[in-house]
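Hello,

Here is the structure I promised to pass on. My notes follow below it.

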Amino acid sequence: MSTPMSADDQLYREYILDHYKNPRNYGRLEHPDITHEENNPLCGDVVGMDFQLHDGVIEDIRFHGRGCAISQASASLLTERLKGMPLEQAKKINKDDVIGELGIEISPARIKCALLSLKVLKVGAYGLADDDEE
Amino acid sequence: MSTLTFDVAEVRKDFPILETGIAYLDSANTSQRPRQVTGAMLEYFERFNSNIHRAAYRIAEEATERYEATREKVRAFINAASTKEIIYTRGTTEGINLVAYSWGRENIEEGDLIVLTILDHHSNIVPWQILAAEKGARIEFVDIDERGELRQDQFADLLKLSPKLVAFNLVSNALGTINPARDMVAAAKRAGATVLVDGAQATPHQPVDVQALGCDFYAFSGHKMLGPTGAGILYGRRQLLEAMPPFMGGGDMIKTVSTEGATYLELPWKFEAGTQAIAEVIGLGAAVDYLSELGMNAVRAHELEITEYAFEALSELDGLQVYGPPPSRRAGVISFSLDGIHPHDLATIADRDQVCLRAGHHCAMPLMTRLGIPATARASFYVYTQRDEVDRLVSSIKEAQRIFHPTKSSISRGPQEVA
């Protein structure tokens, strides 16, 4: 009845668990240009991000929060990608990019977990800008 | 009088969904439905499907009779004094909102105190918050002790402030705590309060006698007690219900309507506007029959046995914390957390083994905040639950621990503990 798991686990791959247990860019920035937090009311996951900008580029970024492995690993992976990226380019990141980066099959039950960090990015980034809504 | 036991293997044969191989441990969320319930609904659809209370032909008479028959079944099941006190609703949430909108708007005034508890479900918090905001009333919450039981000393202190309304759940859906409802109702009545008891988690699992309980209102849902979704019950003391204005206006609840205004039907129909959930109410009647045949004392005894078994099995696992009181003072609900593993991840891993588990805040966010946790995993049991399903849960937990903590020494608590 049990599906084969461990090393070849389709969802909890080693790098996902690594990002969960040892999150990259974890913490807070002292003087962020953008700070935004979102939660997933269904399971109580929280992800927040602090952005420091320089000439329109995300010079530094930290995330904080709590929640399941998928939501936290997704946030950790996203911060790695965002660091050094122009904000305008960051705004164009979509859900396929985030799921692709996770590199795992995401079931409908877990999609909100996987995309929570993207929501933080979108609302945070567009909250600062006053135009060009997609 | 029914016997104190029933044959779980026989019971399981009435639930076709269990043949799919699932270990369904989420009955506090919604229960499964036996053939007797779906059969009664199907019979309505296939044999006498028609609207009620306007019968000009035979099948509509039959539909009306079967629909109204549920009222007497429910009355007997919770020992209400009269079927006039049994109002059909969509569920507990609607029942509580009915009281908040109808009774609450007439009786709650600026500065009034409403007493709730930290164990309450959102459905017994939010309607009162809306009312309190509208009226300028205030709300106080009774806290819990370290065992997840309501602090009766604090409750007694709050009663000294003469609350207008006291509302609490008989059984906590998140922790399973069985509250000493009879004593609490008696104390609240002595203090002059009107009392609403949320019976969503109690009615399916233990004998309920609303007259012995002594409360003014009692709300519950059909879908947690083997019935379909969309049918629930609000019990109210007749005197109070008579004095209350309608909750919703429309067809089915009026006596006469003119361009000048309307007169309303008597109880219970005054509160039942619009075409009702006929099939669902008939299904609820079949669910009540089913539970009555098993006997609610036997249902409680079975769940206690399973809960004790599960409590012991879970307590033996490393890195697992169970929330709430010991099995004798809890319903068939066990909320727990695992070191370094979020409940949602556990639920996903359990799901691969067809173990259905709830993960989340259980619509009790104030309680989660009080406990300092974002969520718990929750296993809950019912008449069809058997020991091997608990064993499968234990295997799933061990599997999750193996995935998240491949070597025991490397147990990392994960970012959720860093926050």
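This is a predicted model: local features need pLDDT of at least 70, side-chain atom pairs count only at pLDDT 80 or more; totals for chains, interfaces and linings use all residues.

Two strands count as paired if DSSP finds at least two bridges between them.

Take one bridge to begin with. T35(A) has D50(A), in β2(A), as its bridge partner. The antiparallel pairing of β1(A) with β2(A), residues 45-54, runs over seven bridges. These strands belong to an open sheet of three, ordered β1-β2-β3 in chain A, and the pairing is antiparallel. The edges are β1 (34-40) and β3 (57-66) of chain A. Each has a single partner strand, so one side of each lacks a neighbour in the sheet. From one strand to the next, the twist averages 15°.

A helix packs on this sheet: α2 of chain A, residues 69-82. Helix α2 touches β1, β2 and β3 of chain A. The direction of α2 makes about 170° with that of β3(A).

**Chain B: the overall picture**

Chain B holds 14 helices and 15 strands. Its C-alpha atoms fill a box of roughly 80 × 55 × 40 Å along the principal axes. How does the radius of gyration of chain B fit a compact globule, and what value would 419 residues give? A compact globule of 419 residues would come out near 22 Å; chain B has 22 Å, so the two agree.

Buried residues account for 50% of the 419 in chain B. Now the contacts in chain B between residues at least 6 apart in sequence: 71% of them join residues at least 24 apart.

Best regards

Notes
Residues are numbered from 1 along each chain as its sequence is written. Chains are lettered from A and ligands numbered from 1 in the order in which they are written. Helices (H or I, at least four residues) and strands (E, at least two) are DSSP runs, numbered from the N terminus. The radius of gyration is taken over C-alpha atoms; the globule rule is 2.2 Å times the number of residues to the power 0.38. A residue is buried if 20 or more other C-beta atoms lie within 10 Å of its own, exposed if 12 or fewer, and partly exposed in between; C-beta atoms are placed from the backbone. Two residues are in contact if their C-beta atoms, placed from the backbone, lie within 7 Å. Axes are lines fitted to C-alpha atoms, for helices over the stretch in contact, and angles run from 0 to 180 degrees between N-to-C directions.
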